[in-house]
Amino acid sequence: MGQSSTLYEINKSDFSRIENDTSLFKPDISISYEIFEQNFSGIEFILKKTVDKNITEKIDEIFNPKQCLGEPVDYENIDFTQIDFSEIEDNSINYLNPELIKEINTVLNSISTNEFIDKYNSSELNKNGIYPEVWHDDESDDQAFNQRHIAEGIEQLKSILNRTEKNENYIFMFSG
């Protein structure tokens, strides 16, 4: 298993409840979700190549939202030689608000899937250290980390952003 990102669509009333107590979030309260198995870094990289340079900050926020509920753990100021790791509890939740979702969705909907996948270059992804650094051009159905895998990911992303914008909801993002 490798790195993945999951985007959860959360309705306004559930968001309001969770905003006051992040421990109330459970994946089953989400309206919908999309899991990006080991392709989110590639999607982000290609999107940044595809869009105007002044929009790349918004692209960064898709899988790395700046807004957060709860208090994130300040890992930079932890003395790992003096702490019991079981004491570290991170209940923070990164999220995208409806306004940002609309802005990002407008950008994504202006990009055709063909325009997006035309920017796919396995050598460039690997050369730039884009996780998982095993991108290739074998388009067999049983292969991942190729142009098809990236195309499926951008369609997933467009799908959840379209649904969420239509419903005027929020997105919670978790990586692991």
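Buried means a relative accessible area under 20%, exposed means over 50%, and partly exposed is in between (1.4 Å probe, protein chains only). This is a predicted model, where local features need pLDDT of at least 70, side-chain atom pairs count only at pLDDT 80 or more, and totals for chains, interfaces and linings use all residues. Residues are numbered from 1 along each chain as its sequence is written, and side-chain values use heavy atoms, leaving out hydrogens and water.

**View A. Glu 34 meets Arg 163 in a salt bridge.** A salt bridge here is a side-chain nitrogen of Lys or Arg within 4 Å of a carboxyl oxygen of Asp or Glu. The closest N and O atoms of this pair sit 3.4 Å apart. Glu 34 belongs to strand E2 (residues 32–37) and Arg 163 to helix H7 (residues 147–167), so the pair ties together parts 129 residues apart in sequence. Helices (H or I, at least four residues) and strands (E, at least two) are DSSP runs, numbered from the N terminus. Glu 34 is buried at 16% relative accessibility, while Arg 163 is partly exposed at 25%.

**View B. Glu 57 and Lys 66 join up through their side chains.** Their salt bridge spans 3.0 Å, N to O. Glu 57 comes out partly exposed at 48%, and Lys 66 exposed at 54%.

**View C. Strand E5 (residues 170–175) pairs with E1 (residues 4–10).** Two strands pair if DSSP finds at least two bridges between them. E1 and E5 run antiparallel, with 6 bridges, and Leu 7 has Met 173 as its partner. Strand E4 (residues 93–96) also runs antiparallel to E5, with 3 bridges; there, Asn 94 partners Met 173.
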